[in-house]
Amino acid sequence: MENQEKKIEILKKILDESNYTVVIGGSGMMEECGYKGIKTPERAYEIERRYGISPEDIFTSVFYNNRTAQFFEFYRNEMLMNPPEPTESAYAAAKMEQAGKLQCIIDGNIFEQPQRGGCRNVIPLHGSIYRNACPHCRKTYSMEYVRDSGKIPRCEDCGRVIRPGVMFFGEMMDSTLMSEATRQIESAEVLLLLGTSMDSDVFSKYVKYFDGGKLVIIHKNHHDLDEKADLVILDEPKNVLSKLGY
Ligand SMILES: [Zn+2]
């Protein structure tokens with residue numbers, strides 16, 4: 001543990017010396033409040049048992065387009081009913097932002113934990129369950145509207161099926177968000193990876209744009225990327241960020 005304290009001190013020094021710090025948040029960020037994503041083995045098994053189809057197959061545009069009622073049954077029950085709450089990480093990140101020590105958060109999750117914890121400059125790379133829109137007239141709808149409207153949520157104005165504001169499996173990433181994320185990483189002096197997931201390619205995909213001074217990784221388990229980092233802290237981000245004292 002003494003080692004851990006020393007590492008937190010080093011991290012604090014790195015952040016204090018940086019003029020532009022960017023965070024990338026992975027699935028570990030939603031898991032640190034006890035939430036299990038639909039791809040985790042336990043949830044995936046449970047979903048397959050309940051709906052007769054895997055999360056990878058049900059959370060797709062093909063399923064959304066062709067089996068719309070079933071899609072929304074799944075989406076409502078599994079993703080909208082108990083979204084993960086912001087953790088100490090989100091609150092600590094908001095304080096870092098206010099102190100001018102964090103310039104941008106690139107969020108790989110879809111639950112707006114950083115924003116709900118008070119962060120302002122967030123790029124929701126994979127969309128958000130809270131921002132939904134009619135694909136026809138572009139009218140926007142809240143998460144509650146989608147969650148609470150019968151079988152299939154429809155646009156009040158034109159009757160079209162509302163499109164959830166999230167990226168489905170196999171879909172292309174929004175190119176505007178992607179180039180904004182790339183631009184942020186290119187500007188970063190310090191890149192802080194939080195809660196990296198083992199199977200995510202988001203990290204390797206984006207880290208290559210980083211040309212700044214220090215790469216810092218904070219996550220629970222070892223990852224191949226650790227070798228490239230200047231500092232690795234093996235812990236949940238909330239345990240580390242809350243100790244920085246911003
Ligand atoms: Zn409409």
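This is a predicted model: local features need pLDDT of at least 70, side-chain atom pairs count only at pLDDT 80 or more; totals for chains, interfaces and linings use all residues.
**Entry 1: the core.** I started with the largest nonpolar core, which has 49 residues. V23, A93, I106 and L191 have the most contacts inside it. Where does this core lie? Domain 1 (1–35 + 84–126 + 173–246) and domain 2 (36–82) both give residues to the core, so it lies between them.

I then picked A93 and skipped its neighbours within four places in sequence. Among the residues in contact with A93 are V23, L102, I105 and P114. G117, C119 and L241 also touch A93 by the contact rule.

**Entry 2: helix 6.** Next I looked up helix 6 (residues 68–80), where the buried residues are F71, F72, F74, Y75 and M79. Looking down the axis, I find them within an arc of 160°, so they line one face of the helix. What covers them? The cover includes helix 3 (41–51), helix 4 (55–58) and helix 5 (61–66).

Entry 3: A reminder to myself: most residues other than glycine have a negative phi. E112 isn't a glycine, yet its phi is positive, near 55°. I found E112 in the loop between strand 2 (104–107) and helix 8 (113–116). Is E112 buried or exposed? E112 has 22 C-beta neighbours inside 10 Å, so it counts as buried.

R138 has a positive phi too, about 70°, and is not a glycine. This one sits in the loop between strand 4 (132–133) and strand 5 (140–141).

Methods. Residues are numbered from 1 along each chain as its sequence is written. A nonpolar core is a set of buried Ala, Val, Leu, Ile, Met, Phe, Trp, Tyr and Cys residues joined through C-beta atoms within 7 Å. A residue is buried if 20 or more other C-beta atoms lie within 10 Å of its own, exposed if 12 or fewer, and partly exposed in between; C-beta atoms are placed from the backbone. Domain bounds come from an automatic or database domain assignment. Two residues are in contact if their C-beta atoms, placed from the backbone, lie within 7 Å. Helices (H or I, at least four residues) and strands (E, at least two) are DSSP runs, numbered from the N terminus. The arc is that of the directions from the helix axis to the C-beta atoms.
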